[in-house]
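Reader: Hi! Could you walk me through a bit of this structure?

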Amino acid sequence: MNISEIKDPSFLKDLTVKEMNDLAKDIRDFLLESVSKTGGHLSSNLGVVELTIAMHYCFNSPKDKFLFDVGHQSYIHKILTGRAKDFPTLRQFNGMAGFQRRNESEHDCFEAGHSSTSLSTALGMAVARDLNNEDYHILPVVGDGALSSGMSLEALNQIGDLKSKVIIVFNDNNMSISKNVGALTKAFGALRSSKGYLELKHDVKDFLMNAKHGSETIESIKEVKKNIRNKMIDAYIFDDFDIDYLGPVDGHNIHDLIHAFETAKTKDGPVVVHVVTKKGKGYKYTENDSSGKWHGVGKFDVKTGEMLAKTPDNYKSYSKIVSDHLLNIMDSNGDVVAITPAMISGSALNDVFAKYPKRSFDCGIAEDHALTFASGLALNGKKPFVSVYSSFLQRAYDQINHDICRMNLPVVLGIDRASIVGEDGDSHQGVFDIGFMRPLPNMVITEGKDSNEIENLLELGFKMNCPFAIRYPRGSIVYDKHVPMDIKPGTWAKELINEDVKANIITYGNDVIRIGKVINDNMLPYNLYNARFIKPIDEEMLLEIASNKKPIFIYTNDMIKGGIGDDILELLNKNNISVPVYIFGVDDIFVKHGDTALIKESLGLDLKTLFSFIEKTINA
């Protein structure tokens, strides 16, 4: 079948199970070929091909609402709803998003880049539907570890209480990005390995219906259904929430999936359809991946499984620079422990967990728990390092505020994927963390310009005995040999000083290197300052900068509101200093997906625009 010619899911209604299985193979081939050219979330989508086909066969989108949690599982849904032709633009600037997007299709009723939000949304939709006396199904597809999050459990609690009809599709592949962890995962494993309750129940029903007085017997055993189920299934998770349960169902058997969904339709209240799938199904490299390498990929060779983008030998990813030096620190300090909320692979902590399994903790998709867990460790003499993506850190704001900063606890935050990150789009851009952490008392926020400064700031973080954040972006840089630095807390560095100065530029992170290169290559009369401490700012140096009365240009790839520019303006105002200040950064918008360079250009944050503006300003 020509996948690109699919316009909507209605054609599925006329297919046989065999034809749908053939379609599943064609979709997998299409997905591999397409994602190998653009990059994207591959293994999650290979695992839900039959599941998504069966859902669209049994239900009627867009009347019935499909919510994919996490949203990166929605590629097959996009294909079946007429967007296969757009896959060459997947995650490209101005192209198709890698998650559900309401402005992209009427079949997308929901948007989520973070996990565990679908059940709360689905319940809200269900209650609104019932209040409006409407009739349609709502199907949150909860997978990749999202069901083990606290927010999902909070929603299950109310779903079981309100009894609004929601068909919860539990996509159980025992994976988030890498292997799931925790007691709930073990309980789901018991469910997964139990005898199929749905299959046995229908076998019993069919037998009784053919027996004398069978229909009366069926009615009489309804009251003992739960007792029968409990003897067959080792975990009573959903029963405890008073939610009906169907499964486990083979998530790659379209016949069984259809049977389960048709049964779920007949239920009056909420029901869980437990679907067991294989993440990465149908491609040997993804099927055998337990570390998360194939969760989100760049361009690759389909035949060999080889990634096309190569990191030069003298380069390291920022995540790897931090994790390798963390390992060195753990070697010399037995009180340092590592924590991550389900991001061992993404944060390059594999070696740390391998060498120090008793001092390394994967908390699962539970950022709020991870931060308060760190506070408990810090209260009892340990030195926690929490590695978390910037966009995920915002999910634990209260814990940073209430449980760490308020008690001034020595927790070091490794804020990965800081600033503009690119293809994952507005739900993943790491541009907000400075704005929400800067007002917090006791919090120190830093960002190093190169590998050596990053390593030295990390060491300083474990010495300062207070909440300490070190930010670092996505990507790789040249890795230089470690050289100890005497960095005093709250100090900036003078990178380039010109006697005949015409402008002052203040920036931080790798932009110090990038901007410095332009100044040097063009012999520009600009001073450049490395604001490696975003909070507290270096007040003494800032007053010195302002004393030359030349314009100050602040360059960031983070939100202007709440950023370092606010602190600089506040200090200048406090000291009654009048000097022109211009702030470059992300304006009051959500940053869409695409290549990072194209995003910066569209926002006026490319260096060509910066230097052109400086030249026009000083020559005006």
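Author: Happy to. Strands β4 and β6 (residues 271-276) pair in the parallel sense over six bridges; strands are DSSP E runs of at least two residues, numbered from the N terminus, and pairing takes at least two DSSP bridges between two strands. This is a predicted model, where local features need pLDDT of at least 70 and side-chain atom pairs count only at pLDDT 80 or more, while totals for chains, interfaces and linings use all residues. Residues are numbered from 1 along each chain as its sequence is written, and side-chain values use heavy atoms, leaving out hydrogens and water.

Reader: Thanks! Which residue in β6 is the bridge partner of F170?

Author: That's H274. F170 is also the bridge partner of V142, and three bridges join β4 to strand β3 (residues 138-143), again in parallel.

Reader: Is β4 buried or exposed?

Author: Six of its six residues (167-172) are buried, so β4 is largely enclosed by the rest of the structure. Buried means under 20% relative accessible area, exposed over 50% and partly exposed in between, with a 1.4 Å probe and protein chains only.

Reader: Which residues point which way from β4?

Author: I167, V169 and N171 point one way, and I168, F170 and D172 the other. In a regular strand, side chains alternate between the two faces of the sheet.

Reader: Switching topic, where is K293?

Author: K293 sits in the loop between α13 (284-287) and β7 (296-297). At 48% relative accessibility, K293 is partly exposed.

Reader: What is K293 in contact with?

Author: Beyond neighbours within four places in sequence, K293 contacts M307 and S345, where contact means heavy atoms within 4.5 Å.

Definitions and conventions
Helices (H or I, at least four residues) and strands (E, at least two) are DSSP runs, numbered from the N terminus.
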